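Hi,

Here is the structure I promised to pass on. Have a look at it first, and then read on for what turned up when I went through it.

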Amino acid sequence: MSYNIALNFEDGVTRFVSCNEGETVLDAAYRAQINLPMDCSDGVCGTCKGTCRQGQYDLGDEYIDDALTDDEAEQGMVLTCQMVPSSDCVVEVPAASTLCKTGNATVEGTVAEVNLISATAIELKITAGDDIAFLPGQYVNIQVPGSEETRAYSFSSQPGSRDLSFLIRNVPGGLMSTYLVGKARAGDKLTLTGPMGSFYLRPIERPILMLAGGTGLAPILSKLEHMKANGCNSQPVHLVYGVSNDEDLVCVEALEQFAEALENFTFKTVISSDDSDHPNKGYVTNHMDDAPMNDGDVDVYLCGPPPMVDAVRTYFREQGITPNAFHYEKFTPSLATDAVKEKVA
């Protein structure tokens, strides 16, 4: 028996290690040649302290209070030298990956399909040569063939498969967009570096509100794929998906399929253009009536351009709502960069 442990470093890098039954996270990391912070390995110094965001584990009683207090343990803080997992876990490490003598993993892949699913969105499918582990909602850097440049794209596919998919904004003149639209062919080699980011799905313990703008739908699709595969039906999940124009609305059929498979999942699409005949006009903040706010006991996941993120934050403030958790990822499409991940929280 072994468990997959995701180590999330403070510089955004995520590395996965396999932890054997009865083995500590610290020992599993060292076996994988990842040097997590450590001075004593006996539960005395507290140098290896981190936070477990997901999963089950045992800390035993061999550590001292100076290393980890009862209050810290109740908040999910752990000593990796004492932490023995009993399930897959996600552990935040308060150090940069480079300081732990590790970094991003690199995986080679080949282009399987490139589909122009609208004038503004490209679906890229890649077959990875090796396993690439990631958490639903994370992203990778993909090197643009023929250049040294990379672009950051969120997975839209379910973790655990070598068949990867991405939903990419088609930026005229953009480096990756130009390659995908005009040059890409099935079998082309691509280099993926990652995964990265903290915009991943947390344990589903309360209602969830998802908000997506444009191709910010990609990490939401990955989360929904994970929920479908794992039968996550215990809480209501509502998505408000907003775009600028009718032709920007993509993957609606996939959302309908999720609604059929997940009995507590509902969604609404919104178009901001005045020229549209869509029944829901305006911005996502104009169509939050069906959102399961639950008096603030709700987890919010938002991915979209900066103005959308700012508008949603303003909406919550004006409504006097403080969500239990507010996870968001901003991105800025531009001619020079195709898409830049500005901030993940």
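Tyr-315 is buried, because its relative accessible area is 16% and the cut-off for buried is under 20%. Phe-316 also counts as buried, at 4% relative accessibility. Bear in mind that this is a predicted model, so every value here is computed from it.

On to the rings. A pair of aromatic rings is described by how far apart the centres are and by the angle of the planes. For Tyr-315 and Phe-316, the ring centres are 5.9 Å apart and the planes sit at 65°, so this pair is edge-to-face; the label applies because the angle is over 60 degrees. Ring pairs also join Tyr-315 and Phe-316 with Phe-326 and Tyr-328 in a cluster.

The count of aromatic pairs comes to seven. Another one to look at is Phe-155 with Phe-166: their ring centres are 5.2 Å apart and their planes at 35°, so that pair is tilted. This pair ties together distant parts of the chain, 11 residues apart. Phe-155 is in the loop between strand S11 (150-154) and strand S12 (163-169), while Phe-166 is in strand S12 itself. Both of these Phe residues are buried.

Is Asp-299 buried or exposed? It is buried, since its relative accessible area is 4%, against a cut-off of under 20%. Setting aside neighbours within four places in sequence, Asp-299 touches Pro-203, Arg-206, Pro-207, Ile-208, Leu-209, Asn-324 and Ala-325.

The largest pocket holds about 730 Å³ of space. It is lined by 28 residues, and those closest to its centre are Gln-54, Asp-88, Leu-135, Pro-136 and His-226. Strand S1 (2-9) and strand S7 (89-93) each put at least two residues into that lining. By type, the lining of the largest pocket splits into 14 nonpolar, 10 polar and four charged residues.

The second largest pocket has a volume of about 470 Å³. Its lining has 24 residues, with Gly-214, Gly-242, Val-243, Ser-244 and Pro-305 closest to the centre. Strand S15 (237-243) and helix H6 (306-319) are the elements that give two or more residues to this lining. Here the lining of the second largest pocket divides into 13 nonpolar, nine polar and two charged residues.

Six of the lining residues of the second largest cavity are nonpolar, three are polar and two are charged.

Last, the confidence scores. The chain averages a pLDDT of 93, and 96% of the residues score at least 70. Over residues 334-340, though, the pLDDT is below 50. That stretch has 25 contacts in the model beyond near neighbours in sequence.

Cheers

Note on methods: Residues numbered from 1 in each chain as written. Predicted model: local features only at pLDDT ≥ 70, side-chain atom pairs only at ≥ 80, totals over all residues. Heavy atoms only, no water. 1 Å grid on protein atoms, 1.4 Å probe; cavity = no way out; pocket = protein on both sides within 12 Å on 5 of 7 lines; lining within 4 Å. Points joined across faces, edges and corners; volume = space filled by probe spheres on them. Helix = DSSP H or I, 4+ residues; strand = E, 2+ residues; numbered from the N terminus. Nonpolar A, V, L, I, M, F, W, Y, C, P; charged D, E, K, R; others polar. pLDDT = per-residue confidence, 0-100. Contact = heavy atoms within 4.5 Å. Phe/Tyr/Trp six-rings, centres within 6.5 Å; stacked < 30°, edge-to-face > 60°. Buried < 20%, exposed > 50% of the residue type's maximum accessible area, 1.4 Å probe, protein only.
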